[in-house]
Amino acid sequence: MSQPKDPDWNQVSRRDAIKTLFTLAAAYTASGCSRDADKLTSFFHSHFKELSPDQLKSNLETWERRYKKRYETDIKVSSTPAKEGVLFGYALDVSRCIGCRRCVYACVKENNQSRDPQIHWITVLQMEKDKGIDLVDSTAYYDPEKVPEEGKFYFPVQCQQCENPPCVKTCPVNATWKEPDGIVVIDYDWCIGCRCCVTACPYGARHFNWTRPGLPREDINPDTEFLGNRPRPKGVVEKCTFCIQRSRKGRYPACVEICPVGARKFGNLLDPESEIRYILKNHRIFILKEELNTQPKFFYYFSI
Amino acid sequence: MKKILNLLFKGSASYYIWVGFLLVCIIQGLLAYGAQFNHGLIVTHMRDSVSWGFYIGNFTFLVGVAASAVMLVIPAYIYNWKPIKEVVIFGELLAVAAITMCLFFVLVDMGRPDRLWHMIPVVGRLNFPSSLLDWDAFVLNAYLLVNATVVGHLLWKAYKGEAYNKKIVVPLVIFSIPLAVGIHTVTAFLYNGMASRPYWNSAILAPRFLASALCSGPAVLLILFQVLRKITAFEIKDDAIHKVAELMAYAMGFNLFLFGAEIFKEYYSNTQHLVHYEYLFFGLHGQPSPIAWYAWTSLAFSIVAFFLFLVPATRKNLYTMNIGAVLIYFSVYIEKGIALIIPGYTPDTLGQIYSYTPSMTELRVAAGIFGTGFLIFTLLVRIGIALLFGSPEKSGDLRTAGGTPLVEAEGSV
């Protein structure tokens with residue numbers, strides 16, 4: 001066989017090769033492996049902040065299709081923007097908290113956390129009354145018949161939605177950032193799972209999916225937000241978002257709603273008439289690890 | 001080229017056994033990593049409380065090895081210190097192998113290795129300059145590139161039988177010196193910058209990193225030189241070995257001094273931040289710490305090795321010096337691999353204790369990565385020896401690959 005001398009030969013064959021590739025790709029997509037096609041599309045998803053409105057819409061749809069395949073149930077994935085003139089703040093009355101952990105499990109249910117292994121966005125610490133707020137001598141693993149116990153008090157910790165968040169600073173790929181309404185969010189499609197933020201967070205508020213989350217279909221909350229409670233993949237970090245899927249629609253976070261003693265307060269810090277502003281004005285506030293200058297928007301107070 | 005391939009595939013029985021052993025390490029490591037890739041990092045013992053562990057500890061240790069290997073270049077090139085000059089090439093080969101292992105250790109620690117491309121400039125999206133991990137990725141890759149270029153150029157020229165180009169090599173070697181300091185400083189800053197972890201949030205962390213690295217990297221080289229001198233045509237004078245050992249004695253002395261400064265600050269001020277040192281050396285809440293044994297071993301090794309290297313009689317006795325080198329290697333390996341990372345996380349930021357020790361998967365993957373690094377290093381050294389000093393093995397024909405020895409070529413410098 002002699003090499004063809006015609007200079008066009010190379011071009012024709014190259015064109016043919018490209019055509020073949022396209023045909024194969026088209027055949028692959030059309031052959032009903034839409035799940036795999038979606039998976040491939042997700043791989044190339046851009047960073048959330050670089051998406052055009054159309055791309056965002058198509059991303060949301062891709063995820064709804066993927067969730068439908070994976071969980072065999074309809075899950076709505078929305079992306080609600082922050083409202084202007086809103087800065088969310090949270091206050092927790094340490095003197096009222098009884099340590100019942102209803103907030104912990106309401107949060108798990110609302111935010112589609114993994115049930116096996118368990119991921120909790122809220123950690124309730126039991127402390128000794130005669131030692132005061134002392135983390136080293138606290139325990140998160142208390143398990144008595146009845147709470148509250150004599151001589152103990154309870155100190156729930158979750159994301160403090162810092163104004164100066166160390167987790168955001170340390171992320172190598174910008175997969176986490178502070179939204180205009182003060183909520184620190186994560187793009188689960190962009191996180192590389194390096195866990196710098198888990199290390200940087202002074203409040204133990206960031207949680208890693210060490211394996212594929214165990215989320216039974218019947219436990220799923222189908223009303224989800226892209227930067228919030230949509231089901232997460234394995235290998236990415238997640239955290240409290242003040243229930244972004246609720247708060248941005250004017251509702252209370254699940255932990256605020258469930259608290260049986262009314263220890264949890266939530267509202268707009270920019271609204272002088274809000275309950276949160278009333279608390280800041282009329283109670284003495286405690287900032288957890290104030291020396292780190294993280295400037296939390298999560299305030300502890302003591303009503304009694 | 002054929003001769004080079006011959007060099008890699010043909011060797012003595014001990015060469016086959018060594019390479020076979022490394023291949024076994026690599027294959028079992030790949031199997032372990034395969035399981036981790038499928039199930040996620042849950043097969044490690046890392047959890048939210050201790051979110052970095054053995055992988056990142058090894059990474060940190062190897063950054064030190066890579067950095068210090070090239071720091072031998074400083075006296076060689078700046079003071080034109082002849083005895084060390086001929087060993088610099090091996091420092092650079094070691095740096096290439098060590099950085100490769102570093103990058104693998106970071107890769108296996110990632111939750112989403114498939115998204116590595118998010119860290120590529122322009123294609124991905126970096127959080128530069130605020131993320132220290134971005135800086136680290138940048139300096140590590142730059143360092144790898146510079147050293148691979150120098151090594152590649154030296155070997156290529158030796159293969160062609162020509163003198164190397166001073167205009168390429170000297171500036172790159174000089175540039176690699178600040179980069180070597182840079183990779184270890186930036187890696188130290190990665191921990192140092194975490195205000196949430198008081199154990200690392202100490203200004204002398206980066207100096208401590210440099211001091212301990214100046215011990216561990218040369219320790220590897222000291223042993224290597226003697227092995228090579230025994231089994232290959234490579235020659236090195238005792239004088240050079242003793243010079244390196246003397247440098248190590250100063251570095252170890254400084255390292256111990258910095259450690260003492262840290263201990264004084266923590267124990268004299270006796271704040272709550274002391275809990276991390278208490279966990280490292282004793283234990284907390286009446287529970288003995290699973291890593292205390294390592295911590296004391298590391299400290300004891302450092303002190304013994306320091307005196308072995310300080311006293312001229314034991315430093316110049318190859319037998320006691322080798323004991324010292326092995327002690328230093330393990331002392332720094334424990335210090336970086338275990339005593340740096342784990343106490344930083346224990347107790348965690350909310351005061352809770354999770355007692356971490358590496359899982360079998362972590363040990364196996366680490367063995368696989370070390371196997372890969374040692375294999376790269378073995379092959380590079382074999383080629384290097386053949387090209388620069390003649391035969392890879394003592395019994396073989398000298399200069400089969402037809403190279404001009406570097407030592408001669410350097411006569412022109």
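The questions and answers below concern a predicted model.

Residues are numbered from 1 along each chain as its sequence is written, and chains are lettered from A and ligands numbered from 1 in the order in which they are written. In this predicted model, local features need pLDDT of at least 70 and side-chain atom pairs count only at pLDDT 80 or more, while totals for chains, interfaces and linings use all residues.

Q: How many helices and strands are there in chain A?
A: Helices (H or I, at least four residues) and strands (E, at least two) are DSSP runs, numbered from the N terminus. For chain A the count is nine helices and twelve strands.

Q: What percentage of the residues in chain A is buried?
A: A residue is buried if 20 or more other C-beta atoms lie within 10 Å of its own, exposed if 12 or fewer, and partly exposed in between, with C-beta atoms placed from the backbone. Chain A has 304 residues, and the buried part is 41%.

Q: Which elements give two or more residues to the side of domain 1 of chain A that touches domain 2 of chain A, and which gives the largest share?
A: Domain bounds come from an automatic or database domain assignment, which here gives domain 1 (11-78) and domain 2 (88-301). Counting two residues as in contact if their C-beta atoms, placed from the backbone, lie within 7 Å, the contact takes 15 residues from domain 1 of chain A and 14 residues from domain 2 of chain A. On the domain 1 side, the elements with two or more residues are strand E1 (76-78) and helix H3 (53-71) of chain A. The largest share, four residues, comes from H3(A).

Q: In what order do the four strands of the open sheet in chain A stand?
A: Strands of a sheet pair through backbone hydrogen bonds, either parallel or antiparallel. Two strands pair if DSSP finds at least two bridges between them. The edge strands, each pairing on one side only, are strand E10 (264-268) and strand E11 (285-286) of chain A. The pairing in this open sheet is mixed, and the order is E10-E2-E12-E11.

Q: Why is E2(A) largely enclosed by the rest of the structure?
A: Phe88(A), Tyr90(A) and Leu92(A) are buried on one side, and Gly89(A), Ala91(A) and Asp93(A) on the other. E2(A) is largely enclosed because the number of its six residues that are buried is six.

Q: At about what angle does helix H9 of chain A run to E10(A)?
A: Axes are lines fitted to C-alpha atoms, for helices over the stretch in contact, and angles run from 0 to 180 degrees between N-to-C directions. Helix H9 (residues 275-282) of chain A lies across E2, E10, E11 and strand E12 (298-301) of chain A, and its angle to E10(A) is about 115°.

Q: Arg101(A) and Arg195(A) have a positive phi; which is buried and which is partly exposed?
A: Arg101(A), with phi about 65°, lies in the loop between E2 and helix H4 (102-110) of chain A. Arg195(A), with phi about 70°, is found in the loop between strand E6 (184-186) and H6 of chain A. Because Arg101(A) has 17 C-beta neighbours inside 10 Å, it counts as partly exposed. With 22 other C-beta atoms within 10 Å, the buried one is Arg195(A).

Q: Which element gives the largest share of the side of chain A that touches chain B?
A: In this interface, 39 residues of chain A are in contact with 36 residues of chain B. The elements of chain A that give two or more residues are strand E3 (123-128), helix H5 (166-170), helix H6 (196-200) and strand E7 (207-208). The largest share, four residues, comes from H6(A).

Q: Where is Pro148(A) found?
A: The peptide bond from Val147(A) to Pro148(A) is cis, with omega near -10°. Pro148(A) is in the loop between E3 and strand E4 (152-157) of chain A.
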